[in-house]
Amino acid sequence: MVPYSPLGKGFLAGAVDQNTHFADDDFRSRVPRFAPDVRAANLAFVEVLRKLAEGKNATPAQIALAWLLAQKPWIVPIPGTTKLSRLQENIAAVDLRLSASDLETINAATAKVPVQGERYPEQLAKMTGR
């Protein structure tokens, strides 16, 4: 299984915060989950990843990818990037080992922080799940 957009279009990598402005031609400018009014609530989960990352000398993106890799051996996240440095960062997630406690922390955070905003704008959502 290959998760689609395993870093949430940059969100789980910590590349988005309350002050981020998306250009009109950036797809995220139309995605409800990236709307300023719900972003703060969704950032609470990224903070959990950031805290774990700090303790492991890693990045939030590496923690998110390592979490996916820890789920099942047949889950293979393939994050997209246009930067060599990000590719190298993402590849390093393969060597990051999360403890049972780390996995529990992430899973508890996903239960406590309900995602706000729809995944896609209404028109695009109608085209998914077929």
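Guide: A salt bridge is counted where a side-chain nitrogen of Lys or Arg lies within 4 Å of a carboxyl oxygen of Asp or Glu. The model discussed here is predicted.

Visitor: What is the general idea behind such a pair of side chains?

Guide: Side chains whose charges are opposite can pair when the charged atoms come close.

Visitor: How many salt bridges does a search of the whole structure find?

Guide: The search finds five.

Visitor: Why are Arg50 and Glu47 separated by about one helical turn?

Guide: The two are three residues apart in helix 1, which means that about one helical turn lies between Arg50 and Glu47. As for accessibility, Arg50 is partly exposed at a relative accessible area of 27%, and Glu47 is also partly exposed, at 36%.

Visitor: Which side chain meets that of Glu89 in a salt bridge?

Guide: The partner of Glu89 is Arg86, with an N to O distance of 2.6 Å. Glu89 and Arg86 lie three residues apart in helix 3, so about one helical turn separates them. Here the accessibility classes of the partners must be read one by one. Glu89 has 12% relative accessibility and therefore counts as buried. Arg86, with a relative accessible area of 44%, is partly exposed.

Visitor: Which salt bridge involves Asp102?

Guide: Asp102 meets Lys56, at 2.9 Å from N to O. This pair links distant parts of the chain, since Asp102 belongs to helix 4 and Lys56 to the loop between helix 1 and helix 2, 46 residues apart.

Visitor: Is Asp102 buried or exposed?

Guide: Asp102 counts as buried because its relative accessibility is 10%, and the cut-off for that class is under 20%. Lys56, at 30%, counts as partly exposed.

Visitor: Let us turn to the nonpolar core. Which residues of the largest nonpolar core touch the most other members?

Guide: This core has 27 residues, and those touching the most other members are Phe45, Leu49, Ile63, Leu98 and Ile106. At least two core residues come from each of helix 1 (36-55), helix 2 (60-71) and helix 4 (100-112). Helix 1 gives the largest share, namely seven residues.

Visitor: What does Ile106 touch, not counting residues up to four places away in sequence?

Guide: With those neighbours in sequence left out, Ile106 touches Phe45, Leu49, Leu52, Ile63, Trp67 and Leu98.

Visitor: Which residues form a nonpolar patch on the surface?

Guide: The patch consists of Val2, Val76 and Ile78, which together have about 280 Å² of accessible area. Ile78 is located in the loop between helix 2 and helix 3 (84-92). Ile78 counts as exposed because its relative accessibility is 55%, and the exposed class requires over 50%.

Visitor: Aromatic side chains remain. By what is a pair of aromatic rings described?

Guide: The description uses the distance of the ring centres and the angle of the planes. The structure holds three aromatic pairs. One of them joins Phe11 and Phe34 edge-to-face, at 5.7 Å centre to centre and with 80 degrees between the planes. Although both Phe11 and Phe34 lie in the segment before helix 1, they are 23 residues apart, and the pair is one that links distant parts of the chain. Phe11 and Phe34 are both buried.

Another pair, formed by Phe27 and Tyr120, is tilted, with 6.4 Å from centre to centre and 55 degrees between the planes. This pair too links distant parts of the chain: Phe27 stands in the segment before helix 1 and Tyr120 in the loop between helix 4 and helix 5, 93 residues apart. Phe27 is partly exposed, with a relative accessible area of 26%.

Visitor: Which residues form one aromatic cluster?

Guide: The cluster is made up of Phe11, Phe22 and Phe34.

Visitor: Is Tyr120 buried or exposed?

Guide: Tyr120 counts as buried, at 14% relative accessibility. Not counting residues up to four places away in sequence, Tyr120 touches Tyr4, Lys9, Phe27, Pro32, Ala125 and Thr128. The C-alpha atoms of Tyr120 and Val31 are separated by 5.3 Å, while the two residues are 89 residues apart along the chain.

How values were computed:
Residues numbered from 1 in each chain as written. Predicted model: local features only at pLDDT ≥ 70, side-chain atom pairs only at ≥ 80, totals over all residues. Heavy atoms only, no water. Core = buried A, V, L, I, M, F, W, Y, C linked by side-chain atoms within 4.5 Å. Buried < 20%, exposed > 50% of the residue type's maximum accessible area, 1.4 Å probe, protein only. Helix = DSSP H or I, 4+ residues; strand = E, 2+ residues; numbered from the N terminus. Contact = heavy atoms within 4.5 Å. Patch = residues over 30% accessible without salt bridge, like charges linked within 9 Å, V, L, I, M, F, W, Y side chains within 5 Å. Areas by Shrake-Rupley, 256 points an atom, 1.4 Å probe, with all protein chains shown as cover. Phe/Tyr/Trp six-rings, centres within 6.5 Å; stacked < 30°, edge-to-face > 60°.
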